[in-house]
Amino acid sequence: GTLRANTDTHLKLNSGNIGLLDLQNANARLFSLEEVHEILKDFKNIQIGYMERAPLGKLEERICHWIFQAQN
């Protein structure tokens, strides 16, 4: 699976919802590594990776994801 990382700078924060982002009338949340570990705490064989990329023409922005694999 994947969760958007809290190091992401591509999305803009809503002024009224700290930690929640406006994605054309949908909400998304950014997660820290500690939160990812907490979410996956009941699983076994957990592997976590990190991916960061910049949109074309926007090198100052970052799209960041925690990538994980876990066994139920």
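**Overview: four salt bridges in a predicted model.** The structure holds four salt bridges, a salt bridge being a side-chain nitrogen of Lys or Arg within 4 Å of a carboxyl oxygen of Asp or Glu. This is a predicted model, in which local features need pLDDT of at least 70 and side-chain atom pairs count only at pLDDT 80 or more, while totals for chains, interfaces and linings use all residues. Residues are numbered from 1 along each chain as its sequence is written, and side-chain values use heavy atoms, with hydrogens and water left out.

**Close-up A: Asp8 and Arg4 form a salt bridge.** Here the N to O distance is 2.5 Å. Both Asp8 and Arg4 are buried, where buried means under 20% relative accessible area, exposed over 50%, and partly exposed in between (1.4 Å probe, protein chains only).

**Close-up B: Arg29 pairs with Glu35 in a salt bridge.** Look for the side chains meeting at 2.4 Å, N to O. Arg29 is partly exposed, at 39% relative accessible area. Glu35 is partly exposed too, with a value of 27%.

**Close-up C: Glu52 and Arg62 form a salt bridge.** The closest N and O atoms of this pair are 3.1 Å apart. Glu52 sits in strand β4 (residues 44–53) and Arg62 in the loop between β4 and β5 (63–71), so the pair ties together parts that are 10 residues apart in sequence. Strands (E, at least two residues) are DSSP runs, numbered from the N terminus. Glu52 is partly exposed at 43% relative accessibility, and Arg62 is partly exposed at 30%.

Methods: Helices (H or I, at least four residues) and strands (E, at least two) are DSSP runs, numbered from the N terminus.
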